[in-house]
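Dear colleague,

Please find the structure below, together with its sequence. My notes on it follow, and I would be grateful if you would read them beside the model.

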Amino acid sequence: MDNKTSEKRLTGKVAWVTGSSRGIGRVIADHLAGLGANVAVQGTSPTSTRAFNEADSLTAVARTIAEAHGTAVLPVWGDLTLEATVKQLAAQIRKEFRQIDILVNCAGGDIGAQGTMGKNAGKPQFNDAVFVTFEDLKSVLDRNLLTCILCCREVAPEMINRNSGCIVNIGSISGLAGHAQEAIYSTAKAAVHEYTRCLAAQLRPYNVRANVVAPGPIVTPRFVASRPIDETKKRTDGPLDRYGWPIEIAKAVEYLITPDSSYITGQVLRVDGGGQLWPA
C-alpha cells in the first residue's frame, strides 16, 4: 500500500527513528509520517545524509518528509554511542513533542573505524572473527549494539510509566547464522536480538512491546556501494529470490508498532523473502 493512501493510524503518536538520515531508516521515518506520526529523524551529523548522496542535510530530509505528509518532523543529530548525547537528543524530542511513543533503532551497519566513506562503504578490511582490528571490532559493536541499548534505556522508562509504547530494533539475518566474514556485525546483531528478548520480558507487565525486524539483503545506496550486485535480483515482484526494498522493512515495522501485533513481543521477524527458513 502506498504511503499516501495508507490509513493515518499513527496520528497523535511520536516516533523516534535512529539512523534515519538515509537508507532503510529514512524510508521507515517517511512511512511512519505517512501513517500520521510526528517523527524525529536522527543522524550522526547534520550532513551524514551526504555519504551516499541521498540528501544535502538532515534538515532537508525532515523538511521533505514533513511536506510530503503534513506531519511534524524534527531533525536531531549526534553520536548515539555516547550516553550523554542519547539523553540530550531524547530531551530535544520530548521538548518538541512531549513524549516518545515509538522507538525504532535503525542506527548500525557493518561499518568499521574508517567510517562510511572508507573502502567498500566502510566495511572493515579484515572482516572476520580473528584478524579484525580492535578499532574495527569496537566500532561495529558500538555502532550496532551499544546504540540500541542506550536508546532503549533512555526511552523505555517513560513507556513503563505510561503503560504504553512500542520498540522495534533493526537486527539482521546475519545475526541468525554463522559467517566467515561480517563476523563482528553478525555477533552484534545476534546480541541485539537477545537484548530485545530480555527487554521484552522486562517490559511485558507494563504493556510495552519490543520486537526485532531482521532484514535480508535490502537495496539502498550503501548496499550497492559496499558489494558486488546481481542486477537480476533488483526486482520488486515475481520470484522471491530477489533483493528486498526499504519499504518492505518499513511495512514490517508498521505491523509491529500497531494493534495488528498487539499480542506479539520478544520476537525476531525475518524480512528476507524466505532466504532463511530455520528456527530463529
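Which side chain meets that of Arg162 in a salt bridge? The partner is Glu158, at 2.7 Å from N to O; a salt bridge here is a side-chain nitrogen of Lys or Arg within 4 Å of a carboxyl oxygen of Asp or Glu.

This is a predicted model, in which local features need pLDDT of at least 70 and side-chain atom pairs count only at pLDDT 80 or more, while totals for chains, interfaces and linings use all residues. Residues are numbered from 1 along each chain as its sequence is written, and side-chain values use heavy atoms, with hydrogens and water left out.

Salt bridges

Arg162 and Glu158 both lie in helix 4, four residues apart, or about one turn of the helix. Helices (H or I, at least four residues) and strands (E, at least two) are DSSP runs, numbered from the N terminus. Glu158 counts as buried at 12% relative accessibility, whereas Arg162 is partly exposed at 27%. For these terms, buried means under 20% relative accessible area, exposed over 50%, and partly exposed in between (1.4 Å probe, protein chains only). Both residues belong to a network of salt bridges that also links Lys87, Arg94, Asp101 and Glu154.

The count of salt bridges comes to 16. Another of them joins the side chains of Glu83 and Arg153 (3.5 Å, N to O). Because Glu83 lies in helix 3 (residues 83–97) and Arg153 in helix 4, this pair ties together parts that are 70 residues apart in sequence. Glu83 is partly exposed, with a relative accessible area of 40%, and Arg153 is partly exposed at 47%. Lys234 also forms a salt bridge, with Glu231, the closest N and O atoms being 3.6 Å apart.

Asp136, in helix 4 (residues 134–162), is buried yet has no salt bridge. The nearest side chain of opposite charge (Lys and Arg count as positive, Asp and Glu as negative; His and the chain ends are not counted) is Arg143, 8.8 Å away. A polar atom of the Asp136 side chain does lie 2.8 Å from the backbone nitrogen of Ala113.

A buried strand residue

Ile167 is in strand 5 (residues 165–170) and is buried, with a relative accessible area of 1%. Leaving aside neighbours within four places in sequence, its contacts (heavy atoms within 4.5 Å) include Leu103, Cys152, Met159 and Leu199.

With kind regards

Technical notes:
Polar contact = N/O pair within 3.5 Å; in protein donor to acceptor, adjacent residues only side chain to side chain.
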